[in-house]
Amino acid sequence: MFVEPLFYQPKTSDQKKGTGWIEVICGSMFSGKTEELIRRLNRAVLAKQQVEIFKPAIDQRYHEENIVSHNDNFIRSTPVSVASEILLHVHKGEVVGIDEAQFFDDSIVEVSQKLAAQGTRVIIAGLDMDYLGKPFGPMPSLMAIAEFVTKVHAICMRCGGVASHSYRLADSDSTVLLGAQTQYEARCRRCFHEPPTTK
């Protein structure tokens, strides 16, 4: 389990904020990324830190505003259309949470860097690979610049092994296809690459 590092330094009159950093939570669908994001954010709230949370406006699978996990845990967020809007909304946030980062444009990398440079703890969750098993959007760059990267795993829905891939069940070749259990299932490497069976 991830335990928050003590990076914050004592505040002085010349140093209003401590050291910021970036955390990335990545993995396949149904691996618990959003669940872990919500857990870390709730701990920050319990620590009486100022928390601000964002998600892509296109993700309205469970709720227009809330970040909702597949286990129905949720936390209130602000939907934004592009990553640069996050900087417009962040005011006094000591901790900034960002869900489904793979759906943002590449400027999410610069936004995260700016927030961390200002002393903000930035917690990002997103899919590391798309349905083809290729790196997804800005996630590789976010993982490269992060101080902490946590890769979570699902259970393969075919063999019960450790799953790190998101297998698309729906007949679509669009990179972005929002969905849940009816469109995707988690699979291990072997089951992901197995040719589909015909009946």
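Residues are numbered from 1 along each chain as its sequence is written, and side-chain values use heavy atoms, with hydrogens and water left out. Because this is a predicted model, local features need pLDDT of at least 70 and side-chain atom pairs count only at pLDDT 80 or more, while totals for chains, interfaces and linings use all residues.

Q: What makes up the secondary structure of the protein?
A: The protein has five helices and 12 strands. Helices (H or I, at least four residues) and strands (E, at least two) are DSSP runs, numbered from the N terminus.

Q: What is the order of the strands in the open sheet?
A: Six strands line up as β5-β2-β6-β7-β1-β8, with parallel pairing. Two strands pair if DSSP finds at least two bridges between them.

Q: Why do β1 and β7 count as a pair?
A: Seven bridges join β1 (residues 21-27) to β7 (residues 121-127), and the requirement is at least two, so they pair. V24 stands opposite I124 in β7, and I25 stands opposite A125 there.

Q: Why is β1 described as largely enclosed?
A: Buried means under 20% relative accessible area, exposed means over 50%, and partly exposed lies in between (1.4 Å probe, protein chains only). Seven of the seven residues of β1 are buried, so the rest of the structure largely encloses this strand. W21, E23, I25 and G27 are buried on one side, and I22, V24 and C26 on the other. In a regular strand the side chains alternate between the two faces of the sheet.

Q: What does helix α1 touch when it packs on the sheet?
A: Helix α1 (residues 33-46) touches β1, β2 (51-56), β6 (95-98), β7 and β8. Contact means heavy atoms within 4.5 Å. The direction of α1 makes about 165° with that of β7; axes are lines fitted to C-alpha atoms, for helices over the stretch in contact, and angles run from 0 to 180 degrees between N-to-C directions.

Q: How do you know that the span of α1 agrees with its number of residues?
A: The expected span of a helix is 1.5 Å times one less than its number of residues. For the 14 residues of α1 this should be 20 Å, and the end C-alpha atoms are 20 Å apart, so the two agree. Among the buried residues of α1 are L37, L41 and A44. Helix α1 is followed by K48, whose phi is positive, near 60°.

Q: Why is the pair of F103 and F136 called edge-to-face?
A: Rings of Phe, Tyr and Trp (its six-membered ring) pair if their centres lie within 6.5 Å; planes under 30 degrees apart count as stacked, over 60 as edge-to-face and the rest as tilted.

Q: What makes F103 and F136 count as buried?
A: F103 has 17% relative accessibility and F136 has 6%. Each value is under 20%, so each residue counts as buried.

Q: Why is the pair of Y167 and F192 also edge-to-face?
A: The centres of Y167 and F192 are 6.2 Å apart and the planes make 90°, so the pair passes the limits of 6.5 Å and 60 degrees. Y167 is in strand β11 (residues 165-168) and F192 in helix α5 (residues 189-193).

Q: How do you know that R187 sits over the ring of Y167?
A: A charge sits over a ring if NZ of Lys or CZ of Arg is within 6 Å of the ring centre and within 35 degrees of the ring normal. R187 lies over the face of Y167, at 3.4 Å from the ring centre. Likewise, R168 lies over the face of Y131, at 3.7 Å.

Q: Is R187 buried or exposed?
A: R187 has a relative accessible area of 7%, so this residue is buried. R187 belongs to strand β12 (residues 184-187), and the residues touched by R187 include C156, Y167 and F192.

Conventions:
Lists of a residue's contacts leave out its neighbours within four places in sequence.
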